[in-house]
Structures are given as structure tokens and as C-alpha cells.
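Hello,

I am passing a structure on to you, and my notes on it follow below. Please have a look when you find a moment.

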Amino acid sequence: MTQVALNGLLVAFLLFSLLAGLAALLLERAARAPGLATIVAVIVVFGLSWGGSLLLGE
């Protein structure tokens, strides 16, 4: 594995973990503002799925 590929893989894992943490935080606090939390959770989950499909496509 080249250094560029390794760096790309590490960046993908970092972004995935940050988005997953954000999704967990939103789900924990969804009772206060359910509408806003739903919108942001959909965006975060879409980002996670797009990132995962992009990673698998490489």
C-alpha cells in the first residue's frame, strides 16, 4: 500500500468517525428540537453513506 493510499484511508476513517459521533450526539439530544435534529441527522447519515460508497468505489 502506498503512502497516498494509506493517508486517504486514514482520512476516510477520521471523517467517518467524526460524522458517526455527530450522529450519536444528535440522536441523544433529539428530544429538545426534533425537527432540526431530524434534518441534521438525515444530512449526517447521507454523508456517512456517501463516504462509505466513495471508499468502497476506490
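A word on terms before the findings: a residue is called buried under 20% relative accessible area, exposed over 50%, and partly exposed in between (1.4 Å probe, protein chains only). This is a predicted model, where local features need pLDDT of at least 70 and side-chain atom pairs count only at pLDDT 80 or more, while totals for chains, interfaces and linings use all residues. Residues are numbered from 1 along each chain as its sequence is written, and side-chain values use heavy atoms, with hydrogens and water left out.

The chain has 2 helices and 0 strands (DSSP runs numbered from the N terminus: H or I of at least four residues for helices, E of at least two for strands). Of its 58 residues, 10% are buried. Its accessible surface is about 4600 Å², with 77% of that on carbon and sulfur atoms (Shrake-Rupley method, 1.4 Å probe; for residues, only the protein chains shown count as cover).

Helix 2 spans residues 34-57 and includes Ser49; Val40 is found in helix 2 too. Val40 counts as partly exposed because its relative accessible area is 28%, and Ser49 is partly exposed at 43%. Val40 and Ala23 are 17 residues apart along the chain, with 8.3 Å between their C-alpha atoms. For Ser49 and Phe16, the sequence separation is 33 residues and the C-alpha to C-alpha distance 9.3 Å.

Val11 belongs to helix 1 (residues 3-28) and is partly exposed, since its relative accessibility is 47%.

Best wishes
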